[in-house]
Amino acid sequence: MIISAFSALGKTYLGNKNPNVVDFEASFYKWIYDDKELEKDVEKRKGVLDRIQNPEYPNNYLEELEKKQKEYSIVLITPERKIRQILQEKNIEYLLAYPKEPSFVVERALKRGNNSYFAKGLEKTFKQWYPMENEKVLWVEKNEYLEDVLIKNGQMIPDNKIKGGEKNEIIINKTWTN
């Protein structure tokens, strides 16, 4: 299952918590940085303007996405509209996790250490990448994270419901009502 998820909704947390979920960060494929130290800290480099767009993007990202789908139950990807349009053109199914409104993701981004340029830019990308009419959307409220919405919609079983489990179990639920 591919989930295209907006920033600051808990992709990294979910990927770190579950061995069969990966937060497939696009910036490793989209940008080339002169500062090698920035390459080590994903959150700090977001919004850094001293970078060059990789001419192989988005093809390099999409090629690696195919491999990730074979390795993981859930692959969390960028919400970039260009990527979503390509997925649609190739008839590749995905869900879009999107905040109901942008202010809380801006606050979360600043709290986790993103620079203000990136955090404030989320308001702009919220409008630019807003769900298209034909997309299946997991709407995320201010008091929720991606994991909460997946549990609420039946794609995951919470820890306390799994006997002896320490990690949420992933349930791939192909049925959908939007």
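Which strands does helix 4 lie across? Helix 4 (residues 59-71) lies across strand 1 (2-5), strand 2 and strand 5 (74-77), and runs at about 155° to strand 5. This is a predicted model, where local features need pLDDT of at least 70 and side-chain atom pairs count only at pLDDT 80 or more, while totals for chains, interfaces and linings use all residues. Residues are numbered from 1 along each chain as its sequence is written, and side-chain values use heavy atoms, leaving out hydrogens and water.

**The sheet**
- Five strands make an open sheet in the order 2-5-1-6-7, with parallel pairing (strands are DSSP runs of E, at least two residues, and helices are runs of H or I, at least four, numbered from the N terminus; two strands pair if DSSP finds at least two bridges between them).
- Strand 2 (21-23) and strand 7 (137-140) sit at the edges with a single partner strand each, so one side of each has no neighbour in the sheet.
- From one strand to the next, the twist averages 20° (axes are lines fitted to C-alpha atoms, for helices over the stretch in contact, with angles from 0 to 180 degrees between N-to-C directions).
- Strand 6 (residues 95-99) pairs with strand 7 in the parallel sense over four bridges, and Ala97 stands opposite Leu138 in strand 7.

**Helix 4 meets helix 5**
- The axes of helix 4 and helix 5 (residues 81-89) come within 11 Å and cross at roughly 55°.
- On the helix 4 side, Tyr61, Leu62 and Leu65 meet Ile83, Ile86 and Leu87 in helix 5 (contact means heavy atoms within 4.5 Å).
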